[in-house]
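Please prepare a briefing on the fold, the nonpolar cores and selected residues of the protein chain shown here.

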Amino acid sequence: SIVLQEELAAIFPTIVPGIKRVKLRDGGDVTWNEYTVFHELKLGTSELVIVTLDGDYAGFLVVTKAPTYLFVWVAYSDLTGVDIFDIALTQLEDLARDAGCNAIKFGTTRRGWEKVGKKHGFFAEEIRYSKRIYEQAR
């Protein structure tokens, strides 16, 4: 279910370990962290969706509505061997439809999500490469 603004401060500590695990799994190369996530949720530019299975906490999604699609920028399952889309895709599709979106998108640096995405009907739109340039002392 979508976490309301007045519930955010109480619920957020529950998802911090998951945010840190996602960041670690991505090799620590993502540009966001738990503070960035909280900031975006508090501003209301993104929404937190708590996912449950049989009434128990199973994970979460952080989503942002773009003009025509819902973008999932953090996805975490607390269940071993179960990807979050196994238990939350229908809810996510309903959320996207209710927001007037015609697609759901996500991005990742992890190759395993290619297989997971295909299993749930996602396809690759592009492959993007990046190189970080750090300022060197002169």
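Predicted model: local features only at pLDDT ≥ 70, side-chain atom pairs only at ≥ 80, totals over all residues.

Residues are numbered from 1 along each chain as its sequence is written, and side-chain values use heavy atoms, with hydrogens and water left out. The protein chain contains 4 helices and 4 strands, arranged along the sequence as α-α-β-β-β-α-β-α. Helices (H or I, at least four residues) and strands (E, at least two) are DSSP runs numbered from the N terminus.

**Overall shape and surface**

- The radius of gyration of the protein chain, 16 Å, agrees with the value near 14 Å that a compact globule of 138 residues would have; the radius is taken over C-alpha atoms, and the globule rule is 2.2 Å times the number of residues to the power 0.38.
- Along the principal axes, the C-alpha atoms fill a box of roughly 55 × 35 × 35 Å.
- The accessible surface comes to about 9300 Å², and 52% of this area belongs to carbon and sulfur atoms; areas come from the Shrake-Rupley method with a 1.4 Å probe, and for residues only the protein chains shown count as cover.
- Of the 138 residues, 34% are buried, where buried means under 20% relative accessible area, exposed means over 50%, and partly exposed lies in between (1.4 Å probe, protein chains only).
- Among contacts (heavy atoms within 4.5 Å) with a separation of 6 or more, 55% join residues 24 or more positions apart.
- There are 17 positive and 19 negative side chains, and the centres of the two sets lie 9 Å apart. Lys and Arg count as positive and Asp and Glu as negative, with His and the chain ends not counted; the place of a charge is NZ of Lys, CZ of Arg, CG of Asp or CD of Glu.

**Nonpolar cores**

- A nonpolar core is a set of buried Ala, Val, Leu, Ile, Met, Phe, Trp, Tyr and Cys residues joined through side-chain atoms within 4.5 Å.
- The largest such core has 19 residues, of which Leu 61, Val 63, Leu 70, Ile 84, Phe 85 and Leu 92 touch the most other members.
- At least two residues of this core come from each of strand E1 (47-53), E2, E3, helix H3 (84-98) and helix H4 (112-119), and H3 gives the most, with 7 residues.
- Not counting residues up to four places away in sequence, Leu 92 touches Leu 61, Val 63, Leu 70, Val 72, Phe 85 and Ile 104.
- A second, separate core of 18 residues includes Ile 19, Val 30, Leu 48 and Phe 60.

**Selected residues**

- Gly 18 lies in helix H1 (residues 5-25) and counts as buried because its relative accessibility is 2%. Beyond its neighbours within four places in sequence, Gly 18 is in contact with Phe 60 and Tyr 76.
- The C-alpha atoms of Gly 18 and Gly 59 are separated by 7.8 Å, although the two residues are 41 residues apart along the chain.
- Asp 54, in the loop between E1 and E2, has a positive phi near 55° in a residue other than glycine. Asp 54 counts as exposed because its relative accessibility is 74%.
- Thr 68 occupies the loop between strand E2 (56-65) and strand E3 (69-77) and is partly exposed, at a relative accessible area of 41%.
- Leaving aside neighbours within four places in sequence, Thr 68 is in contact with Cys 101, Asn 102 and Ala 103. Thr 68 and Ala 103 are 35 residues apart in sequence, with a C-alpha to C-alpha distance of 6.9 Å.
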